[in-house]
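Subject: Structure handover

Hello,

Here is the structure for you to look through. My notes follow below it.

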Amino acid sequence: MTLLLFGLFFGFMLLGVPIALAIGASTLVALSQAGVPLMVVTQQMFQGINSFALVAIPMFILAGDLMAQGKVSERLVNFADSLFGFLRGGLSVVSVMAGMFFAAISGSGAATTAAVGSSLVPELRKKGYDPASAASLIAASGTIGVVIPPSVPMIIYAVIAQQSVSKLFLSGFLPGLAMGLGLMAIAITQAYRRQYPKGTPLSLATIWRTLKSASWGLMTPVIILGGIFSGIFTPSEAAVVAVNYALLVSLFVYRDLKLGDVYRILIRSAMTTSVIMLVIATSAVLSWTLSSWQVPGAIAQAVLSISTNPYVIMLLVVGVILLTGVFIETASALIILTPVLLPLVLQLGIDPIHFGLIIVVGLAIGMITPPVAINLYVASSVTQLPLERITRAIIPYLLGLISVLLLVVYVPILAGWSGA
């Protein structure tokens with residue numbers, strides 16, 4: 001029955017069936033053939049989304065959309081430019097820094113790529129930067145959007161693995177910073193090789209002016225994460241606070257959104273949320289089925305029979321995560337892989353919080369690996385460049401991010417996990 005389940009799933013995927021329907025239909029057929037009462041399907045679907053922590057997902061998506069559609073991203077870019085624009089190839093560094101700033105607001109890789117790209121691409125073209133390389137750097141910076149908290153994938157993992165969202169958020173800072181520093185190093189190296197120009201002269205007056213302009217946006221992660229880590233509110237409550245704060249800033253402080261814009265953003269955020277929640281619901285049935293048939297345990301034993309060396313096994317796990325990210329989008333891959341791989345890494349003595357970082361960073365890299373590379377598609381749309389050109393230019397940044405992932409795996413303390 002397991003072969004039938006996976007055979008149907010991959011068959012549906014090859015036919016282009018949406019991931020939620022592919023998961024649901026293949027599981028439904030397999031359970032039916034196994035003689036399991038189909039009432040289990042509806043019970044597990046409702047059980048899968050019956051979690052208070054999941055309330056944070058639509059709220060963080062909405063908060064990120066509100067901030068992206070307003071001029072918050074533009075002000076963040078200007079502030080980053082005042083800090084690093086004086087360097088040779090400074091706009092490349094600004095691209096990464098702006099991505100890290102916006103990551104601490106949106107929790108979404110695609111939103112980060114779109115917000116930073118739309119603000120910076122015209123300026124990068126004007127300064128003579130290679131358009132494909134600039135677009136690929138912005139797409140790579142967008143991967144940080146799901147690593148630096150708040151992070152929608154971290155919330156999904158926490159629900160599936162029954163772990164603390166707050167601990168995952170706290171552990172995500174250093175890996176996100178490492179990703180940003182790695183991308184900056186590659187970007188500066190390319191800037192010197194290609195003789196990119198220096199940008200905005202360093203000026204304390206400019207830094208102060210742009211800091212004041214961006215201060216409302218910069219306060220967003222302070223309020224959200226400060227409230228979570230101080231115990232004032234839960235991550236789900238923090239997401240609602242983030243939406244209210246985004247509305248306040250966009251409508252009454254910056255005044256760059258109108259009520260009609262808010263209605264349109266609400267509709268788009270609801271559509272995005274509905275897709276994610278349907279995937280979570282159908283995947284809950286898949287997880288229950290795999291657990292009932294003891295598939296994760298069998299996979300764990302099969303991998304352990306290859307090698308008992310934890311370093312080798314974790315390298316195989318990383319390979320599976322990266323390969324899955326190539327073909328399946330982040331949320332879906334996370335929901336499919338977690339119940340399969342978690343029992344294996346627990347047998348190796350890997351802390352589930354540490355593994356959460358590994359799988360989130362690994363699947364974030366999938367956002368820039370075609371064919372399912374949402375950040376590349378967003379960057380292509382923003383820059384009007386062919387996807388093929390951006391894909392070729394992304395290779396140095398892809399290798400840099402994979403190096404950071406290996407640091408997260410093999411140097412867990414340096415990667416931000418303390419075991420607490």
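Is Gln 162 buried or exposed? At 71% relative accessibility, Gln 162 is exposed, where exposed means over 50% relative accessible area, buried under 20% and partly exposed in between, with a 1.4 Å probe and protein chains only.

Two notes on the basis of what follows. The model is predicted, so local features need pLDDT of at least 70 and side-chain atom pairs count only at pLDDT 80 or more, while totals for chains, interfaces and linings use all residues. Residues are numbered from 1 along each chain as its sequence is written, and side-chain values use heavy atoms, with hydrogens and water left out.

Backbone

Gln 162 sits in the loop between helix 9 and helix 10 (165-171); helices here are DSSP runs of H or I with at least four residues, numbered from the N terminus. The phi of Gln 162 is near 55°, which is positive in a residue other than glycine. Arg 255 is not a glycine either, and has a positive phi of about 55°. Arg 255 lies in the loop between helix 13 (235-253) and helix 14 and is exposed, at 67% relative accessibility.

The peptide bond from Pro 149 to Pro 150 is cis, with omega near 0°. Pro 150 belongs to the loop between helix 8 and helix 9.

The largest pocket

The largest pocket has a volume of about 850 Å³. Pockets and cavities were found on a 1 Å grid over the protein atoms alone: a pocket is an open set of points with protein on both sides within 12 Å along at least five of seven lines, a cavity is a set of points where a 1.4 Å probe fits but cannot get out, and lining residues have an atom within 4 Å of a point. Grid points are joined across faces, edges and corners, and a volume is the space filled by probe spheres set on the points.

The largest pocket is lined by 35 residues, and the closest to its centre are Ser 108, Ala 110, Ala 111, Thr 272 and Ile 374. Helix 4 gives the most to this lining, with six residues. Among the helices that each supply at least two residues to it are helix 7 (109-126), helix 17 (330-347) and helix 19 (374-383). By class, the lining of the largest pocket has 22 nonpolar, 10 polar and three charged residues. Ala, Val, Leu, Ile, Met, Phe, Trp, Tyr, Cys and Pro count as nonpolar, Asp, Glu, Lys and Arg as charged, and the others, Gly among them, as polar.

Cavities

The structure holds two cavities of 30 Å³ or more. The largest cavity holds about 50 Å³ of space, and its lining includes Ser 92, Asp 130, Arg 194 and Tyr 397. Helix 8 (residues 131-142) gives the most to that lining, with three residues. The lining of the largest cavity divides into six nonpolar, two polar and two charged residues.

The second largest cavity has a volume of about 30 Å³. Among its lining residues are Val 121, Arg 125, Pro 131 and Thr 383. Helix 7 and helix 8 each supply at least two residues of this lining, which has five nonpolar residues, one polar and one charged.

Aromatic rings

Rings of Phe, Tyr and Trp (its six-membered ring) pair if their centres lie within 6.5 Å; planes under 30 degrees apart count as stacked, over 60 as edge-to-face and the rest as tilted. That rule gives six aromatic pairs. In one of them, the rings of Phe 9 and Phe 10 have centres 5.2 Å apart and planes at 65°, so the pair is edge-to-face. Phe 9 is buried, with a relative accessible area of 7%, whereas Phe 10 is partly exposed, at 49%.

Arg 75 lies over the face of Tyr 254, at 3.8 Å from the ring centre; a charge sits over a ring if NZ of Lys or CZ of Arg is within 6 Å of the ring centre and within 35 degrees of the ring normal.

Two single residues

Thr 273 is in helix 14 (residues 259-292) and is buried, at 10% relative accessibility. Not counting residues up to four places away in sequence, Thr 273 touches Pro 58 and Ile 61, a contact being heavy atoms within 4.5 Å.

Lys 198 is in the loop between helix 11 (173-194) and helix 12 (204-229) and is exposed, with a relative accessible area of 56%. With residues up to four places away in sequence left out, Lys 198 touches Gly 85, Phe 86, Leu 87 and Arg 88. The C-alpha atoms of Lys 198 and Lys 127 are separated by 9.2 Å, and the two residues are 71 apart along the chain.

Regards
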